[in-house]
Structures are given as structure tokens and as C-alpha cells.
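Reader: Hi! Could you walk me through this one? I'd like to start with how the chains meet.
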Amino acid sequence: MDENSAARLKRRLTGIVYRIGLFLAMLTICLPGLWIVLSSLRPTVEIMAKPPVWIPQDISFDAYVAMFSGIGKGGIPVIEYFRNSLIISVTSTVIAVAIGMAGGYAFARYRFRGKSSVFLGLMLTRTVPGIALSLPLFFLYVRLGIIDTHFGLILAYVALNVPFTIWLIDGFFRQVPKDLAEAAQIDGCTRWQAFWQVEFPLAGPGIASAAIFAFLTCWNEFALASQLTRSVSAKTLPVGLLDYTAEFTIDWRGMCALAVVMIIPALTLTYIVQKHLVGGLTSGAVKG
Amino acid sequence: MATVSLKKLTKRYGNVGIVHGIDLDITDREFIALVGPSGCGKSTTLRMIAGLEEISAGSIEIGGRVVNDLPPRSRNISMVFQSYALYPHMTVRENLGFSLKIAGVAKEDMDRRVAEASAILGLDALLDRRPSQLSGGQRQRVAMGRAIVRDPDVFLFDEPLSNLDAKLRTQMRTEIKKLHAKVQSTVIYVTHDQVEAMTLADRIVIMRDGHIEQVGTPEEVFRRPSTRFVAGFIGSPPMNLHEATIDNGQLVFASGEKLPLPGQFKANVTTGDRVVFGLRPDDIYPTGHGISSGGAADVHQIELPITVTEPLGNETLVFVEFNGSDWVSRMLNPKPLKSGERVAMSLDLSQAHLFATDTGKTLRS
């Protein structure tokens, strides 16, 4: 075997090894998701079977039908939970992104006293686990009378997301050359116009990605929501999952069905925005 | 079209002074180049005129109107940036028309003015492209087009050619000159490249450490530099500058070598004075191979060893050893020379310069 065919063989073998590695990694990531979908479609006996039944024998949409059939018939107030989730996630995302844009812009463009300490302080808030705050927040919210309200949860989520959105958006504004805003001001813009006409469109993909992250954090958050909400009027979808647990039983199938209902909107949104995100990043081409 | 007047213009960041109270009057339609090494305050001065930096003291007048505290948009200026600063998310057409759109100019008027600017700069074929699809030279032209469209009182250029390669730079330099001839407006042009300044400007302002060293026509700053710094900065290759002491009508260098004191300085120096002697490469040449061969009034002949030669085709830079260091000379109609060879050199002392060692000021009266 000459050198060239040896090298060719080696390249081919390496390719196969890479693919196997990649397959294993993707399997680890995707299997739980797939398992949730499968479990929502099969009877409890099959879900609990040991050894696991890999190929479903008996598929039905009973759990989905039951979910929407109202209280008393195995249903839960899924529409209300969905509405709560949507209101709370969208509102807190909009607020967090607005604050993130203002803050990120300030950190990227202005020099001020204590800038790095403030920035570090903001980042440090991310080190505190949300669950550790739930008890103090609970007492505080009870006193303020905002327990079990949309407003209370929105407030908590905004606080949770703002450091992250500031950090992410700051990075994107830094990539937009300062010259562009200055050129716009010379071209007749006010500082405000220069921001909206030039800097905002260029940092758009970054702001969109900050928005996705903030939205998903709110949409999937469980620990705080389970402490700060009680009733159908404020509970979000992740908290709604607990409706499937009774004193002695857990309805795994129902829980998985609700999980699927939760995942679909998040997945769809991410997919739609992600296309714009990639498009925006490639057409930006600030440097060159 | 407008005059620009800087009065005691000062810029400080905290306690650090960047520009120290400069005065400058620029006449209508004049092309002024601000030139100097990095950190001399030339860009800061330009940015203060543009309104992108606040001024710490003094005043700026454009067209007789004090604009100290006006925002950039109210000064009726336009600026070409070193980075071009084209808006990446807009086409060339939108880039050109952006200022008009902001000003609320009617669509037909806007289209007409964009078309005019595009015709002047030959951008017609590029109007629907994005900046990322243009070459460096094309981007530079779009940036200039964007400046023209506004029909400003004053054009500001901030090192506009320094991102281009050498060939394109020469080409764009010519285009800028043609453009100025065409639009006939006041131009303030910042560059660290003295060749650009010399070729483009009506007058050159040489800055150093936040002060103006000299203001003059290219001819003046080249022929009659008022300080040692200007003498060394303007001209390529730079002027040969060496310290010497005056002794009975002679210049005595550190190595002990001597040259006669040029006649034009005899009245201004006395024995014992410490001076800096300067001679441009054009005024020191192998005998018979100089610009002023035969016509010069005060030529001193001396035989010197050659260290290195740099042939450039039409001329050769010859480095000769004098006073323990290399002096660069320019040889026209070059003939082959070898390192180490001793050649007869002509020094045209009528073109020599003398500067006071302590103040750096010229000793020419």
C-alpha cells in the first residue's frame, strides 16, 4: 500500500469515527425529547415496563384528548396555563430586552465611573440560584400582595433576565463600529435617530438572540413559578405539570403530553427567529 | 462654501492636554491638510470641527457662525472616515441618499442628487450593491459620494486613504484632487502621510504634540521649514539633520569633520553656537548627477565613501558616510556605484538649513 492510499484510508476511517461520535452525541441530546413524545402516546404499563419497550405497541392520543376535556374528566386548565405562560413570558421578555438594549448600549458606548464594578455586579447576580431566592421572594410578595399574580412573576423574570440580556447585547453593540453612529450624526441624525436607523438594525440579530434566550428562560422556568403562583389565574405551564401528580400516583402519560404541548411553541418560535438570526448575521458584513 | 476659523481651540481629557489652544484661519474653498505624527492632535482637531468631540476651550467658526456647542447635524459639514463608515445594511443608493432622507428631501430631488453624485464618482453600476460587495477603492468612492450629496459648507477627511494599498492610494489621491476642483468647497484633510498633504493641499498645517508647528504652502514648508521638526517631517527621504558647532565660519561636527558655514546664515550665528545642520537629499549628490548641477551658487565638493545604494530606476538613493552616520543623497541619471567606493559629492550649501539646537527654530532671517 503506497503512502497516498494509506492517507486516503486514514481519512475515510477518521470520517467514520467522527460520524459515530456525532451520532452518539445527538442521540444523548435527542433521546429524552423523543422519549417524552413516545411516552405521551403509550399506556402507563408500557411507560413503566422493565426492560423498556423501545418500539411502542399501542399508540393513542387519549392523553391529549383528556387534557382538553375539562376538569373532572381527567383534564387540566391547559388553555389558562398556556395563556398565563404566554402573557408572562412575552411581557417579561419585552421588558428585559428593552432594559438590556439600553444597558448594553450604555456599557458598549459610554465611559462612566464604576462601569466595570457595575457590570461585574450584574454578572454576579447570575451566580445566585433562583430557587434560593424563592423563599425570601415568597415572603416579600405576600407582604406586597403580588403573590400569585402575573405582575409578580413578570417582575421576577425581568430581574432574572436583565443581566444576561445586557451582557449579550453589549457584545453585539461593541461589534458595531462607533464610526457608523458618528457618520449618521454628521448625515443629519440626532443621537436617537442614529441609534434606531443604524446601530439598532446592525445589532438586530444579537437583540433577537437575547430575546429568544430570555423567552425560553421564562417559558421553561419552574422553581420560582411553583413558589410564587397558586391558582389557575397565574400558574404557568411548567407548574401545570404538577396537576398530574396525585397523592399516590403520577400520570406520566398526561405529564408527557403536556410537556409536548409546552415544547411545540418554544420550538416553533426558536426555529422562525433562528432563520432571521442567521440571515441577519451573514448580510451584516460590517467589516471587510 | 465657507471659511473656517479656529480660535485658541483646546482639548483636554481630565488633566491630559491633547490640543493646546491652536489658532487657524481657513479661507473659502481652500484645501487644508492637517499633518503630523500619531498623537499630534490632528484627528482630535478635525473631530472637534465636526462636532464629534466637545471642545474644552476656545471657539470654532464655520462661515462666520460660532458652532462650539452645535451638534454635528447643525454644522452643515460632511466627513469621510478612515474606515469609510458605510452603512452595511443599506445599498450604495441608500447610503448616498441617507442624509437627504433624514433631512426629508422630496423623492425626485433625492434621486436627482444621488444620480449627480454617482455620475461624478462613477458609481452608477454599483448603486444596488451593498458595501460588503465593494472593493476598498469603491467603498472609498461611495464614502466621498455620501459627503458630496449633502452639498456641505466644509468637507472633512479623516485619513481617508490609509486603508488602501499603495497603487490605489495614488489613484484615489488624484480623484480627490479632481473632486475638489469640481465641487470647489472648503476641505480639511487629516493625514499622517506628508506626500498626500504635499500633493493635495493649498496649505499644510504641521502639528506636533497638540501645537501647530508651521502653516504654509507645500512649497513654503518644504523650502523654508520654520523648525527642525518640520524639516525632518516634510520630504521623502527626510532631510539629513546633524548637530554641529560654529567655529570661525565653519560647521564642526562631532566627528571633527568640517563644512563651511553657508553664507545665508553668517550674520545670524557666532562662534560657539550649537546648531542643527540640515540638507535635503536633493541638495547632496554625486558630482554631475544632481537637480541643480551647474546652476547652484554655493557648492561644496567633498569625497565620501558609499555605504549602500538603493536604485529606484530613474534615480538612485546613495547613502554616504559623513560625521559617523549615513547621509542620504539623491542621484539623478544614475550610474552604477559600489559600496565602499569613494565618490566626489557636491553639497549645495545655498539650500542648507540651520536650526538652533535648544529651541529647534530656524536660524534663517
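**Where the chains meet**

Author: Happy to! Between chain A and chain B there are two salt bridges, in what is a predicted model.

Reader: Nice. Which side chain does Arg146(B) meet in a salt bridge?

Author: That would be Asp187(A), with 3.8 Å from N to O.

Reader: And which elements of chain A give two or more residues to the side that touches chain B?

Author: Helix 8 (178–186), helix 9 (191–220) and helix 12 (252–284). Helix 8 of chain A gives the most, with seven residues.

Reader: What classes of residue are on that side of chain A?

Author: The side touching chain B has 10 nonpolar, eight polar and three charged residues.

Reader: OK, how much area is buried between chain A and chain B?

Author: About 2,000 Å², and carbon and sulfur atoms give 61% of that. Glu182(A), Ile186(A) and Asp187(A) supply 34% of what chain A buries against chain B, more than any other three residues.

Reader: How many residues does each chain bring to the contact?

Author: Chain A brings 21 and chain B brings 25. There are also seven residue pairs in polar contact between chain A and chain B.

Reader: Changing topic: what does UniProt list as "transmembrane region" in chain A?

Author: The unreviewed UniProt entry lists residues 16–38, 86–107, 119–142, 154–173, 194–216 and 252–273.

Reader: Take 194–216 of chain A. How much of the chain is helix there?

Author: Residues 194–216 of chain A are 100% helix and 0% strand, with end C-alpha atoms 31 Å apart. For residues 119–142 of chain A, the end C-alpha atoms also lie 31 Å apart, and that span is 79% helix and 0% strand.

Definitions and conventions: Residues are numbered from 1 along each chain as its sequence is written. Chains are lettered from A and ligands numbered from 1 in the order in which they are written. This is a predicted model: local features need pLDDT of at least 70, side-chain atom pairs count only at pLDDT 80 or more; totals for chains, interfaces and linings use all residues. Side-chain values use heavy atoms; hydrogens and water are left out. UniProt positions are given in the numbering used here, feature names are shortened, and annotations may be inferred rather than shown by experiment. Helices (H or I, at least four residues) and strands (E, at least two) are DSSP runs, numbered from the N terminus. Contact means heavy atoms within 4.5 Å. Buried area is the accessible area (1.4 Å probe) that two parts lose on being put together, summed over both. A salt bridge is a side-chain nitrogen of Lys or Arg within 4 Å of a carboxyl oxygen of Asp or Glu. A polar contact is a pair of N or O atoms within 3.5 Å; within protein, one must be able to donate a hydrogen and the other to accept it, and residues adjacent in sequence count only if both atoms are side-chain atoms. Ala, Val, Leu, Ile, Met, Phe, Trp, Tyr, Cys and Pro count as nonpolar, Asp, Glu, Lys and Arg as charged, and the others, Gly among them, as polar.
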